[in-house]
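Please look through the sequence and the structure first, and then follow the sections below.

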Amino acid sequence: MTAFTSCNPATGEVCFTRSAWTTDTLAHQLEQLRRAQRDWSQRTVEQRAEALLKLAEKLAENRDALADLVTLEVGKRTSECLAEIDKSIQLIRYYAALAPELLQALRIPTQASRSGVAFEPLGLVLAVMPWNYPVWQVLRFAVPALMSGNACLVKPAPSVPQCSQLLLDIVLASGLETLGMAWIDTELVEEAIRHCDAVAFTGSTHTGRTIASLAGKHLKKTVLELGGSNPFIVLADADITAAARDAAHSRFRDAGQSCNAAKRMIVVPQIAEAFVEAFCAEAAQLRAGDPRDPATTLSPLTRADLREALHAQVLDACHHGAVLKLGGQMPHTPGFFYPATVLDHVTPACRVYHEEVFGPVASILRAADEADAIRLANDTPFGLGASVYSSDQERAWQLARQIEAGGVFINRHTSSDLRLPFGGVKASGYGRELSEFGLYEFVNVKTYWQK
């Protein structure tokens, strides 16, 4: 059975296949990583940092080749792929500098002669990773886990086998034998969970529930980074030009295939028409084409089924009263392209109001006032990120405190920063990645007490 098949999203042509592992091959890989982790955990944090810095060097050396494969299999523009790899390199260097201090044992005064906590590895951590950022997502999980002394087993998405293999080759060439790939089909995921000590998952909320259920069955710690439907609130005193530009960048970059993108533009009456006009003007300038061409500004979706699902959401919205302002037509050209699409007057009758929209489709929700804008922002199963645009920063901060999300950005679109925790609430998952909080997710905070 072939479990890993990649297709060029710009042409629709299959470009690579590989077979899934057997149970015996998985067991062999698990044992190898167990042995490697025992040695790795005995190194000092400084020694681990030194080893990971070699990985950063190897990534830099292979930057262009890796970006080419990500473009081939994911369909992202080459510039976006290079930015993903550059951010991954920054991530490694960030944790190499930060971890030696943050993983030091802490003395905590009690009635004991000596007491405190140490941060020790859990052991072997399984990561089930998505296709949209096949380098960044893997390393965002793996680097802090490795710095903490764990070994990592990564199940890559089935549609990105070539760039996943190259990433593994780069890891092994840097001397890190504590990170391995698991080329396993869905049926073996529970087997992998059972033999690991913790699980990280990035992907859809639907699959996240399954992963959490399997991990709970075997009592494994989990961190879940799931879907998002980020609200982008534009208030009456906002800079409309800047807000429209940022909203379009956030919604349509990477063909809209990002959980943390702005997806629901929530506008108050005073500026609604002006924002919609400016936003549509920004979206209309996007040019679809070969993602390797620097002139291309809108890349294709990654798979045909994803495009079909997206178009079904658009048709449903129009059927239930949404106004199609831009796009919304299924192309009849090679590849999995979909035009930048804007739906105005979206209501709860539309699927896009409640569901995550994973593609270049923006929903505009019209609020009655500021209070209603907050209500609309929270009227979703998701809670990953949110943005508030206003010239009154203090008022924006007050409103931000009322939004149910893992992060709120004032006068900026949502994104991730190495120095700040990233994660969500509600159906967007739990746990945090990045910053010191991400470093502590896969450690045993062990208490020591001496009489």
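## Terms and model

A residue is called buried when its relative accessible area is under 20% and exposed when that area is over 50%, with partly exposed residues in between. The structure shown is a predicted model.

## Annotated regions

An unreviewed UniProt entry places the feature "domain: Aldehyde dehydrogenase" at residues 4-447.

In the model, residues 42-69 are 86% helix and 0% strand, with end C-alpha atoms that lie 35 Å apart.

Helix H10 covers residues 272-284, and because its 13 residues at 1.5 Å a residue should span 18 Å, the separation of 18 Å between its end C-alpha atoms agrees with expectation. The buried residues of H10 are Ala272, Phe275, Val276, Phe279, Cys280 and Ala283. These residues cover an arc of only 125° around the axis, and therefore they sit on the same side of H10. An α-helix has 3.6 residues a turn, so residues three or four places apart point the same way.

On the face of H10 turned away from the buried side are the exposed residues Glu273, Glu277 and Ala284. The buried residues of H10, for their part, pack against helix H9 (240-252) and against several strands, including S10 (230-234), S11 (262-267) and S14 (361-366).

## Nonpolar cores

The largest nonpolar core has 93 residues, of which Leu55, Leu59, Phe141, Met147 and Leu153 touch the most other members. Helix H4 (residues 78-102) gives the most to this core, contributing eleven residues, and the core draws at least three residues from each of domain 1 (3-226 + 426-450) and domain 2 (230-410). Apart from this core lies another, of 57 residues, among them Ala255, Ala262, Ile266 and Ile403.

Leaving aside neighbours within four places in sequence, Leu55 is in contact with Ile92, Leu139, Ile170, Val171, Ser174 and Leu176.

## Gly208 in helix H8

Gly208 is found in helix H8 (residues 205-217) and has a relative accessible area of 0%, so this residue is buried. Not counting residues up to four places away in sequence, Gly208 touches Phe201, Leu224 and Leu226. The C-alpha atoms of Gly208 and Thr302 are separated by 20 Å, and the two residues are 94 residues apart along the chain.

Notes. Residues numbered from 1 in each chain as written. Predicted model: local features only at pLDDT ≥ 70, side-chain atom pairs only at ≥ 80, totals over all residues. Heavy atoms only, no water. UniProt positions renumbered as here; feature names shortened; annotations may be inferred. Helix = DSSP H or I, 4+ residues; strand = E, 2+ residues; numbered from the N terminus. Expected span 1.5 Å × (residues − 1). Buried < 20%, exposed > 50% of the residue type's maximum accessible area, 1.4 Å probe, protein only. Arc of directions from axis to C-beta. Contact = heavy atoms within 4.5 Å. Core = buried A, V, L, I, M, F, W, Y, C linked by side-chain atoms within 4.5 Å. Domains from an automatic or database assignment.
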